[in-house]
Amino acid sequence: WVRSVYIIQRQEQVRGVAASAGRLLCSMLPYMPWLLAGPGALSVAFLFMAAMPVWVPPGAGGVDNITLPLFFAPLFWALAFVYACLEENLLRGTVVILGAVVVQIMIVASAFMGGG
């Protein structure tokens, strides 16, 4: 009998924690587009800049793979920022931004591991 009371109390505690986590997520929902457009867009631009030397050829002078990422980084940031601001479906916007981040991380990791 005492054990069943203990189990019921633990279940109520777990439900309380889950409910508070749900309330926290719902309270953060208005800030998610700003987090996506701010740190999300900045991370996409930085990772594109880090990954571009892997897939951009060096060019005639041997510096295109260094200068082009620096030149295009603000463009990548602007594209990600505007997309995050204009996307009405928050889940789709998050998936697209995170997908771009994951792809760029994979490119950079393959370059460091000798695959690129």
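Tutor: Glu87 sits in the loop that links helix H3 (64–86) to helix H4 (90–112), where helices (H or I, at least four residues) and strands (E, at least two) are DSSP runs, numbered from the N terminus. This is a predicted model, in which local features need pLDDT of at least 70 and side-chain atom pairs count only at pLDDT 80 or more, while totals for chains, interfaces and linings use all residues. Residues are numbered from 1 along each chain as its sequence is written, and side-chain values use heavy atoms, with hydrogens and water left out.

With a relative accessible area of 18%, Glu87 is buried; that word means under 20% relative accessible area, against over 50% for exposed and partly exposed in between, with a 1.4 Å probe and protein chains only. The side chain of Glu87 makes a polar contact of 2.8 Å with the side chain of Tyr83, and a polar atom of the Glu87 side chain also lies 3.1 Å from the backbone nitrogen of Asn89. A polar contact is a pair of N or O atoms within 3.5 Å; within protein, one must be able to donate a hydrogen and the other to accept it, and residues adjacent in sequence count only if both atoms are side-chain atoms. Leaving aside residues up to four places away in sequence, Glu87 touches Arg92 and Gly93, contact meaning heavy atoms within 4.5 Å.

Two packed helices are described by the angle between their axes and the distance between the axes. The axes of helix H2 (residues 32–55) and H4 come within 9 Å and cross at roughly 25 degrees, the axes being lines fitted to C-alpha atoms, for helices over the stretch in contact, with angles running from 0 to 180 degrees between N-to-C directions. H2 and H4 are therefore roughly parallel to each other, given that angles under 35 degrees count as roughly parallel, over 145 as roughly antiparallel, 65 to 115 as roughly perpendicular and the rest as oblique. The residues in the contact of H2 with H4 comprise 18 nonpolar, five polar and no charged; Ala, Val, Leu, Ile, Met, Phe, Trp, Tyr, Cys and Pro count as nonpolar, Asp, Glu, Lys and Arg as charged, and the others, Gly among them, as polar.

The contact involves, among others, Leu36, Val44 and Phe48 of H2 and Phe72, Phe76 and Trp77 of H3, and its residues divide into 21 nonpolar, one polar and no charged. Phe71, also found in H3, counts as exposed at 61% relative accessibility, and its C-alpha atom is separated by 9.0 Å from that of Met49, 22 residues apart along the chain.
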